[in-house]
Amino acid sequence: MLLLATLETSACFIVRPAPIAQPQTPIAGFDAGKYQVQKLIAALAERDKRLDSMQTPAVMEYTAGDQHVKAKEEIVVKRPGNLRVEAMSPFGVALLLAAQGSALAIFEPGRNRFMRGNATADTLYRYVRIPMAPADAVGLLMGLAPPQFALNGIADSVSNDGAMTVALYGNSASGTRELGFSAGNLAMVRETAGNGRVNYEVRYSDYHDIGGVMFPYVVDATFPAAGSHVTFRYLRPIVNGDIPDSTFVLTPAPGATLMNLSLDDARALANES
C-alpha cells in the first residue's frame, strides 16, 4: 500500500472566468443509481492510474477443505504482472517465489531446490494460493479491478447489498461481473460464469490513506471452483516505491537441485505434499 482568478484591466473592467464545468446532475427519467455508480467508477479508474507498485509484510491465511495454513509473508508486486513472495517459517525463509512476465522461479531453501516454469494460474495457486494469472493476481493484491473489468462502460444494473452499492455488468446467459462500493471505496469484485457458478469473489476492507491514495489493508478472496479461501492482512504497505526489475529475478544458490516445472515435475511435487 497521492493526489482554479479574476483579471482587472486599467479601465476597471473586470473579466470573470467562465464557470468550471460540474458533473451533470440526474435529469427526469435518468437512473440516479447508475449516475452515482459512474462517479465511483470514475474515481476507481483514476486510482487505477495512480497505482504502480506495492510492497508489504503480510499475514496470509489459507483454507481449503480440511487444510489450513497461516504464514507471515513479504509481498512485492509491480504492474502489470511482476510478483515476489517470501513465505516465512519460524526458522527463516521457507519459500521464495518470483514471477516476471511469463517466467516463474521458485527457491526452497530448506531443500536447496530451485525450480523454473511458466507463470500460470496453476503454479501461482500451488505456491501463492491465488488461482490467477500474474496480472490478475497483482491486481487482486493491490485492490484493483481486474483487467477484464472495463471501467469506461455503463453498468447494466445497480443494486444495494446492505451498505454496499453494487454495479453489475453482463447477464445470466453470458456471465456477470460486479463491482461493489462502500464509503466511496472498492469493497467487492465478483465474477460469475454463465452457468451461475461464481469464479471468484474478492472483498477489500480496512482502507487507509497512503500518500493521498486510499489502500485496503485486508484482501479476502474466495475461489469456489478451487474450493479455497485466502486472506491477506497487510502490516505496513508502501505504494509506488522504487522497485528495481531485478527484484523479480531469482538465481540458483550454489549446489541447488535444479528442476523445471513441467507436468511430470508438478505431479512429483504434488506427491511429496
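## Ala-150 and its loop

Ala-150 sits in the loop that runs between helix 3 and strand 9 (157-161). Helices (H or I, at least four residues) and strands (E, at least two) are DSSP runs, numbered from the N terminus. Ala-150 is partly exposed, with a relative accessible area of 46%; buried means under 20% relative accessible area, exposed means over 50%, and partly exposed is in between, with a 1.4 Å probe and protein chains only. Ala-150 and Ile-41 lie 109 residues apart in sequence, while their C-alpha atoms are 9.8 Å apart in space.

A word on the model before going on. This is a predicted model, in which local features need pLDDT of at least 70 and side-chain atom pairs count only at pLDDT 80 or more, while totals for chains, interfaces and linings use all residues. Residues are numbered from 1 along each chain as its sequence is written, and side-chain values use heavy atoms, with hydrogens and water left out.

## The chain as a whole

The protein chain contains 4 helices and 17 strands. Of its 273 residues, 41% are buried. Its accessible surface comes to about 14500 Å², and 55% of that belongs to carbon and sulfur atoms. These areas come from the Shrake-Rupley method with a 1.4 Å probe; for residues, only the protein chains shown count as cover.

## The nonpolar cores

Which residues have the most contacts inside the largest nonpolar core? They are Leu-140 and Leu-141, in a core of 59 residues. A nonpolar core here is a set of buried Ala, Val, Leu, Ile, Met, Phe, Trp, Tyr and Cys residues joined through side-chain atoms within 4.5 Å. Strand 14 (residues 213-223) gives the most to this core, with 6 residues. In soluble globular proteins, nonpolar side chains tend to be buried together.

Leaving out residues up to four places away in sequence, Leu-140 touches Ile-130, Met-132, Val-202, Tyr-204, Val-219, Ala-221 and Phe-223, where contact means heavy atoms within 4.5 Å.

Helix 3 (residues 134-142) is mostly covered, with 7 of its 9 residues buried. Those buried residues are Pro-134, Ala-137, Val-138, Gly-139, Leu-140, Leu-141 and Met-142. After helix 3 comes Gly-143, whose phi is positive, near 70°.

The largest cavity has a volume of about 50 Å³. On a 1 Å grid over the protein atoms alone, a cavity is a set of points where a 1.4 Å probe fits but cannot get out, and lining residues have an atom within 4 Å of a point. Grid points are joined across faces, edges and corners, and the volume is the space filled by probe spheres set on the points. Its lining is made up of Met-132, Asp-136, Gly-139, Leu-140, Leu-144, Ala-145, Pro-146, Val-189, Val-202 and Tyr-204. Helix 3 and strand 13 (198-210) are the elements that give two or more residues to this lining, and the largest share, 3 residues, comes from helix 3.

Asp-48 is found in helix 1 (residues 32-50). Is Asp-48 buried or exposed? Asp-48 is buried, at a relative accessible area of 18%. Setting aside neighbours within four places in sequence, Asp-48 is in contact with Arg-79 and Leu-144.

Beyond residues up to four places away in sequence, Glu-178 touches Phe-149, Val-166, Ala-167, Leu-168, Met-188, Val-189, Arg-190 and Thr-192.

## Backbone details to look for

Arg-79 turns up again here: a cis peptide bond joins Arg-79 and Pro-80, with omega about 10°. Pro-80 lies in the loop between strand 4 (67-78) and strand 5 (82-89).

Two residues have a positive phi although neither is a glycine. Arg-129, with phi about 70°, is in the loop between helix 2 (121-128) and helix 3. Ala-183, with phi about 55°, is in the loop between strand 11 and strand 12 (185-192). Ala-183 is exposed, with a relative accessible area of 76%.

Terms used. 1 Å grid on protein atoms, 1.4 Å probe; cavity = no way out; pocket = protein on both sides within 12 Å on 5 of 7 lines; lining within 4 Å.
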